[in-house]
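Q: Hi! I have a new structure open and would like a friendly walk through it. Could you help me find my way around?

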Amino acid sequence: MARTAADGNLKPNSNQNGLKCEDVKKNGYHHRSEKYVPGSGVASRQHRLESFEQAPMYVAVLTYLGFGIVTLFGYLRDFLRAVGLEKCHVAQERVEQKDFIPLYQDFENFYTRNLYMRVRDNWNRPICSLPGPVFDLMERVSDDYNWTFRLTGKTIHSVINMGSYNYLGFAENNVDFLTTVADKVHQYGVGVCSTRQEIGNLDIHEELEQLVANFLRVESAMTFGMGFATNSMNIPALVGKGCLILSDEVNHTSLILGARLSGATIRVFKHNNMNSLEKMLREAVCSGQPRTHRPWRKILIMVEGIYSMEGSVVRLPEIIALKKKYKAFLYLDEAHSIGAVGRTGRGVTELFDVNPADVDVMMGTFTKSFGAAGGYIAGKKELVNYLRSHSHSGVYASAMSPPVTEQIIRAMKCIMGIDGNSEGMRRIRQLAENTRYFRARLKKMGFIIYGNDDSPVVPVLLYMPGKVVAFSREMLQRKIGVVVVGFPATPITEARARFCVSAAHTRAMLDQVLHHMNEVGDTLCLKFSRQKYSPCTDLYGETDFELDS
């Protein structure tokens, strides 16, 4: 069934592929065991370990207890502020504005002023060097419990960077590698000061778009100056009122914002759960829109290649089978997977050996593997031509900076081998090697880690709020820079440290990080895993299971 240009020019296939799945019990795991079914699009050689081990019950109890205690103290501190015994530092309305509609919602700020402020020294740390495999950090202290900070003038040198998305190490300042970027600054300047539709369309922009299309093996591509806006401003151009979006529950905020701005109906399916997705697809096709029961204009499935908080990889072959079966469209966000997975860095389509043409909308960013900024939308020519005139990000936003454009071109040519050397392939292989080594060592130590063995995003579960803060501070004292994430960015019982492995990390760097991880893990009692790991391959399943007796 073909669609018109107003519908986004997405043309779904009508292949009626079915799916089958068996659930298998494993101690302490969410697991999914797949069997190869002819016609399902699931290749048997793609069986990969993807673990989501559950913590012991006492960990969850202590985590809730910890949040309960800090919440009680928060209410106590709010009482002290209300009676004037403690100074209130937060933004609030003036007395003469008390009859106005509140600009600052008091209850919504409760978490920020009473919990986050106490520990915010673990975020927004100022860096004063290239954010490569190591960086320099400006030392800062607070005299009022993190409400304000002051710099001491000292620098913490050679901190190992385990938090940046510098997957292939292209965030670099090697003069030999950046010669073409410097040349483009001399030729074009730094900024364009115009949109692509006016006088900001440079020849290198068109060169980049053709290169992206060739790299992804699709018909056409369009680039944008901001990765976040690539999602949030293009989704409303593809779907609208009368359309249905089926979104994975852990999708990135940019996808969620774009879906909300579109005006389409949004339904959320369980993370990577094909049973949940198929149930919603079947209901959408059978029941249609609420009240009127008219057919949906479009049904769009939105997923990510690698989920940035979970480290898990999308179950792409099965989702493609489902979208063909129910004649839906597929929007794939490869922000973290493009360049980082696949034999030649072409993302999850290459990892699972599926046809890129089966993905209706391929989205990705240049802010991770390519060491630059911006994003792209790729697919059929009709889709890209439609977006050139309907995308707010493409019509109104300033064109991509010339040196940033050249940085992406030179990184992509390096990955593809067009520049005449094998440096790109070496980096891809090094990233895969570093990822598997780092994950295997952490599992052996007894940490609970989430995600797929091929994913360079490595979440280490910390759970308790006090341990999250202590872990970050302890690692910084050992000159290891880590990113810690907690509620509300994660479920309340699943606070974690998120490590990002890079091809630029040497084995010595990873060993140093692992050595300190082992020490801190013992000191803070963070080794919660009860699973004995073996080389056998399992996949997590559709359902949560308790431990076998």
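This is a predicted model: local features need pLDDT of at least 70, side-chain atom pairs count only at pLDDT 80 or more; totals for chains, interfaces and linings use all residues.

Q: How many helices and strands does the chain have?
A: You will find 16 helices and 17 strands in the chain.

Q: And how much of the chain counts as buried?
A: Of its 549 residues, 52% count as buried.

Q: What about contacts along the sequence, how far apart are the residues they join?
A: Take the contacts between residues at least 6 apart in sequence: 72% of them join residues at least 24 apart.

Q: Let's go inside. Which residues touch the most other members in the largest nonpolar core?
A: Those are Leu 316, Phe 438, Phe 471 and Phe 499, in a core of 101 residues. As a general point, nonpolar side chains tend to be buried together in soluble globular proteins.

Q: What does Phe 499 touch?
A: Leaving out residues up to four places away in sequence, Phe 499 touches Met 162, Phe 438, Pro 456, Val 457, Val 458, Val 460, Phe 471, Val 482, Val 513 and Met 517. Another core lies apart from the largest one. That other core has 22 residues, among them Leu 255, Leu 300, Val 361 and Met 363.

Q: Which way do they point?
A: Val 457, Pro 459, Leu 461 and Tyr 463 point one way from E13, while Val 458, Val 460 and Leu 462 point the other way.

Q: How does E13 pair with strand E16?
A: E13 and E16 (residues 495-500) pair in the antiparallel sense, over six bridges. Tyr 463 stands opposite Ala 495 in E16.

Q: New topic: how many aromatic pairs does the structure hold?
A: It holds 11 aromatic pairs. One of them is Phe 366 with Tyr 376, a tilted pair with 5.6 Å centre to centre and 45° between the planes. Phe 366 sits in the loop between E10 and E11 and Tyr 376 in strand E11, 10 residues apart. Both Phe 366 and Tyr 376 are buried.

Q: And how are Phe 471 and Phe 499 arranged?
A: Phe 471 and Phe 499 form an edge-to-face pair, 6.4 Å centre to centre with 80° between the planes. This pair links distant parts of the chain: Phe 471 is in helix H15 (residues 465-477) and Phe 499 in strand E16, 28 residues apart. Both Phe 471 and Phe 499 are buried. Elsewhere, Phe 67, Tyr 111 and Phe 487 form one aromatic cluster.

Q: Now a helix. Which residues of H11 are buried?
A: In H11, residues 381-390, the buried ones are Leu 383, Val 384, Tyr 386 and Leu 387. Seen down the axis of H11, the buried residues fall within an arc of 160°, so they line one face of the helix.

Q: What do they pack against?
A: They pack against strand E5 (220-224), helix H6 (235-238), strand E10 (361-365) and strand E11 (375-379).

Q: Where is Asn 114?
A: Asn 114 is in helix H2, residues 110-119.

Q: Buried or exposed?
A: Asn 114 counts as buried, at 5% relative accessibility. Not counting residues up to four places away in sequence, Asn 114 touches Gly 74, Arg 77, Asp 78 and Arg 81.

Q: Last one: what is the order of the open sheet of three strands?
A: The order is E3-E4-E14, with mixed pairing. Strands E3 (134-141) and E14 (480-481) stand at the edges with a single partner strand each, so one side of each is left without a neighbour in the sheet.

Q: How do E4 and E14 pair?
A: E4 (residues 150-161) and E14 pair in the parallel sense over two bridges. The bridge partner of Ile 160 in E14 is Ile 480.

Definitions and conventions:
Residues are numbered from 1 along each chain as its sequence is written. Side-chain values use heavy atoms; hydrogens and water are left out. Buried means under 20% relative accessible area, exposed over 50%, partly exposed in between (1.4 Å probe, protein chains only). Helices (H or I, at least four residues) and strands (E, at least two) are DSSP runs, numbered from the N terminus. The arc is that of the directions from the helix axis to the C-beta atoms. Contact means heavy atoms within 4.5 Å. A nonpolar core is a set of buried Ala, Val, Leu, Ile, Met, Phe, Trp, Tyr and Cys residues joined through side-chain atoms within 4.5 Å. Two strands pair if DSSP finds at least two bridges between them. Rings of Phe, Tyr and Trp (its six-membered ring) pair if their centres lie within 6.5 Å; planes under 30 degrees apart count as stacked, over 60 as edge-to-face and the rest as tilted.
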